[in-house]
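This report describes how the parts of one protein model pack together. The sequence and the structure are shown first.

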Amino acid sequence: MAATTATTATTASTATTTLWRPTGPKELALVEAADWRAWPPRLPDQPIFYPVLNEDYAIRIARDWNVPASGAGYVTRFEVETAFLARYPVRQAGGRTILELWVPAEELPEFNRHLVGRIEVTHEFRPQR
């Protein structure tokens, strides 16, 4: 499978960047409850929100971490205003394609205000039988 990396698009005069987030069923239910337009607040032991810049990396986390931890894993895709994202340096969390943004939990409400459109589920993973 070819990896997809963050892209920039311009829609109706706003440049956006595509990001992905691997998630489990509990967080996904909260996104759905927010009409697919916002990420839920972080839990006390989650000081950072980590969207990723590479679809393949998101797939690996959803499949290899979220499925064993919570019975299902999902990959989501969403657009964020590019100019807003400039405040978050890209972090390399491992190999050259393991790229993340680190958004402090207290900044997540503002991050959500810069989402463009809805959060979409692009992949779903369940335990192998």
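The text below covers a central strand, one of its residues, a helix and the nonpolar cores.

The model is predicted. Strand β2 spans residues 14–23, and eight of its 10 residues are buried, so the strand is largely enclosed by the rest of the structure. Its pairing with strand β4 (residues 73–81) is antiparallel and runs over eight bridges. Within this pairing, tryptophan 20 stands opposite arginine 77 of β4.

Strand β2 also holds arginine 21. Is arginine 21 buried or exposed? Its relative accessible area is 10%, under the 20% cut-off, so arginine 21 counts as buried. The side chain of arginine 21 makes a polar contact of 3.1 Å with the side chain of glutamate 27. Beyond four places in sequence, the contacts of arginine 21 include Trp39, Arg42, Phe49 and Tyr50, as well as Tyr74, Val75, Thr76 and Phe78.

Helix α2 covers residues 55–70 and bends by about 30° at alanine 62. At the start of the helix, a side-chain oxygen of asparagine 54 comes to within 2.8 Å of the backbone nitrogen of aspartate 56. Glycine 71 follows α2 and has a positive phi, near 85°. The buried residues of the helix are Glu55, Tyr57, Ala58, Ile59, Ile61, Ala62, Asn66 and Val67. They pack against β2, β4, β6 (99–101) and β8 (115–125).

The values given for single sites are collected here.

| Site | Feature | Value |
|---|---|---|
| Arginine 21 | relative accessible area | 10% |
| Arginine 21 and glutamate 27 | side-chain polar contact | 3.1 Å |
| Asparagine 54 and aspartate 56 | side-chain oxygen to backbone nitrogen | within 2.8 Å |
| Alanine 62 | bend of α2 | about 30° |
| Glycine 71 | phi | positive, near 85° |

In soluble globular proteins, nonpolar side chains tend to be buried together. Here the largest nonpolar core has 16 residues, of which Leu19, Trp39, Phe78, Val80, Leu85 and Phe111 touch the most other members. Two or more residues of this core come from each of β4, α3 (82–85), α4 (108–113) and β8. Leucine 19, leaving aside neighbours within four places in sequence, is in contact with Pro51, Val52, Leu53, Thr76, Arg77, Phe78, Val80, Leu85, Leu101 and Phe111.

Terms used:
Residues numbered from 1 in each chain as written. Predicted model: local features only at pLDDT ≥ 70, side-chain atom pairs only at ≥ 80, totals over all residues. Heavy atoms only, no water. Buried < 20%, exposed > 50% of the residue type's maximum accessible area, 1.4 Å probe, protein only. Helix = DSSP H or I, 4+ residues; strand = E, 2+ residues; numbered from the N terminus. Pairing = 2+ DSSP bridges. Bend = angle between axes of the 7 residues up to and from the residue. Contact = heavy atoms within 4.5 Å. Polar contact = N/O pair within 3.5 Å; in protein donor to acceptor, adjacent residues only side chain to side chain. Core = buried A, V, L, I, M, F, W, Y, C linked by side-chain atoms within 4.5 Å.
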